[in-house]
Amino acid sequence: MPLKVTKFSITDHLKTPGKQIAYIEAALDEDDPSFIAVAIGDVAKARGISQFARDTGLSREVIYKSFRPGGNPTLETVNKALKVLGLKLSLAKAA
């Protein structure tokens with residue numbers, strides 16, 4: 001009997017604000033700026049790019065370009081995206 005597989009999409013698992021925040025926090029733990037940008041992009045897709053753009057005040061184009069693999073969002077862009085999620089950037093002493 002052949003194995004049945006379905007395509008995995010992270011956005012299917014990011015439907016609630018709590019799950020979205022947990023996903024961003026996990027991405028931050030990876031200490032990889034590209035991974036963090038992609039995670040924010042995944043949350044934007046889960047919320048709907050148009051709605052995320054309205055909430056952040058960023059254009060859809062900026063969201064697509066910044067929060068993708070290889071994207072390089074500015075600190076201002078990241079800050080606007082995180083603010084919509086109820087998060088903010090802060091500093092902590094490295095372990």
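Modeller: Asp31 is exposed, with a relative accessible area of 67% (exposed means over 50%, buried under 20%, partly exposed in between, with a 1.4 Å probe and protein chains only). This is a predicted model, in which local features need pLDDT of at least 70 and side-chain atom pairs count only at pLDDT 80 or more, while totals for chains, interfaces and linings use all residues. Residues are numbered from 1 along each chain as its sequence is written, and side-chain values use heavy atoms, with hydrogens and water left out.

Asp31 sits in the loop between α1 and α2 (helices are DSSP runs of H or I with at least four residues, strands runs of E with at least two, numbered from the N terminus). Its phi is positive, about 55°, although Asp31 is not a glycine.

Neighbours within four places in sequence aside, Ile24 is in contact with Ala39, Ile40, Val43, Leu82, Leu85 and Leu87 (contact means heavy atoms within 4.5 Å).

From α2 the next helix is α3, and the two pack at about 110° with axes 6 Å apart (axes are lines fitted to C-alpha atoms, for helices over the stretch in contact, and angles run from 0 to 180 degrees between N-to-C directions). That makes α2 roughly perpendicular to α3, a label for angles of 65 to 115 degrees; under 35 is roughly parallel, over 145 roughly antiparallel, and the rest oblique. Ile40, Ala44, Lys45 and Arg47 of α2 meet Ile49, Gln51, Phe52 and Asp55 of α3.

On α3, Phe52, Asp55 and Thr56 meet Lys80, Ala81 and Val84 of α5. The axes of α3 and α5 cross at roughly 105° and come within 9 Å, so these two helices are also roughly perpendicular.

As for confidence, the protein averages a pLDDT of 92, and 100% of the residues score at least 70 (pLDDT is the predictor's confidence in each residue, from 0 to 100).
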